[in-house]
Amino acid sequence: NNIKSSYGIPIFVENALKGVFVIQYTKKYIYLDDDDIKFLKTIADQAGIALNQAELYEHNNQTIKREKLLREIITLVRSSLNIQEIKKNFVTQVGKYFNADRVVIMEYSEDSNAFLVIDDYSEYLPSTKEKSFVGVDISADPQFDFFSKGFENMRDLDIQVYTDADKFIEENQLEGTPTEKYIKGYKLEAGAALTIEYAGHIYGMLAVQYTRKGVDITKDDIDF
């Protein structure tokens, strides 16, 4: 490194710190006078404007994509009475939008108070290398006890999110349990589970899952 002189100018956007503009010298000591500092501040201000415009563009672009997905889902639901077609297209659209490694609709029967066996139409699985949920009976498999027993709480929670599977296991004291075996067996690293509810009735859960580390599920993702 061998830094001789270094100057850092904060980059603000609407009074929020967005970064620091740094200039360094390694060959000799350099003293910047007030005019130089003012000029660097001007550059930092311009960098802040550029960052803000990039954020606005990204946000607007994301909003456009989400509105497009919503229109496609609404069109799908209104144009078909085939529940299998609706489910398959729904999980596929959601999976592609969120770049998920697996999306599953876990249907629930209020009459039998149990989850239904997951069929092929209820899962989006872009890679054949990933383990499939098709044929799994959540209510009968002890690996899913933690989730199925907590399903009633989903009426109040609406959504369950984890971005670090190991931390999730530790915080919920799941070490050595069938649930840990499930998480490890399906190579889950992050995900979200949302209650599917309409007109006071619970129809199941929608699970969006990732087998890759470092996936950040944002508040905007959750709200969407």
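The exercises below, each with a worked solution, concern a predicted model.

In this predicted model, local features need pLDDT of at least 70, side-chain atom pairs count only at pLDDT 80 or more, and totals for chains, interfaces and linings use all residues. Residues are numbered from 1 along each chain as its sequence is written, and side-chain values use heavy atoms, with hydrogens and water left out.

**Exercise 1. Salt bridges**

State how many salt bridges the structure holds, and describe the one between Lys-87 and Glu-107.

Solution. 

Step 1. Side chains of opposite charge can pair when their charged atoms come close. The rule for a salt bridge is a side-chain nitrogen of Lys or Arg within 4 Å of a carboxyl oxygen of Asp or Glu. The structure holds 7 of them.

Step 2. Between Lys-87 and Glu-107 the N to O distance is 2.7 Å.

Step 3. Locate both residues. Helices (H or I, at least four residues) and strands (E, at least two) are DSSP runs, numbered from the N terminus. Lys-87 is in helix H2 (residues 83-97) and Glu-107 in strand S3 (residues 102-109), so the bridge links distant parts of the chain, 20 residues apart.

Step 4. Classify the exposure. Buried means under 20% relative accessible area, exposed over 50%, and partly exposed in between (1.4 Å probe, protein chains only). Lys-87 has 7% relative accessibility and therefore counts as buried. Glu-107 has 25%, so Glu-107 counts as partly exposed.

Step 5. Look for further partners. Lys-87 and Glu-107 are linked with Asp-119 in a network of salt bridges.

**Exercise 2. Two further salt bridges**

Solution. 

Step 1. For Glu-171 and Lys-167, the closest N and O atoms are 4.0 Å apart.

Step 2. Glu-171 is exposed because its relative accessible area is 56%. Lys-167, at 48%, counts as partly exposed.

Step 3. For Lys-213 and Glu-189, the closest N and O atoms are 3.2 Å apart.

Step 4. Lys-213 reaches 64% relative accessibility, so Lys-213 counts as exposed. Glu-189 has 18% and is therefore buried.

**Exercise 3. Positive phi**

Which phi values do Glu-14 and Ala-199 have, and in which loops do they lie?

Solution. 

Step 1. Glu-14 is not a glycine, yet its phi is positive, near 55°. Ala-199, also not a glycine, has a positive phi of about 55°.

Step 2. Glu-14 sits in the loop between strand S1 (5-13) and S2. Ala-199 sits in the loop between strand S7 (190-198) and strand S8 (201-210).

Step 3. Glu-14 is exposed because its relative accessible area is 73%. Ala-199, at 61%, also counts as exposed.

**Exercise 4. Surface patches**

Name the residues of the negative patch and of the nonpolar patch.

Solution. 

Step 1. Patches are made of residues with over 30% relative accessible area and no salt bridge: like charges are joined within 9 Å, nonpolar side chains (Val, Leu, Ile, Met, Phe, Trp, Tyr) within 5 Å.

Step 2. The patch of negative charge gathers Asp-33, Asp-34, Asp-35 and Asp-36. Asp-33 lies in the loop between strand S2 (16-25) and helix H1 (34-79).

Step 3. The nonpolar patch consists of Phe-12, Leu-17, Val-20 and Val-22, with about 380 Å² of accessible area together. S2 gives the most to this patch, with 3 residues.

Terms used
Areas by Shrake-Rupley, 256 points an atom, 1.4 Å probe, with all protein chains shown as cover. Lys, Arg positive; Asp, Glu negative; His and termini not counted. Charge placed at Lys NZ, Arg CZ, Asp CG, Glu CD.
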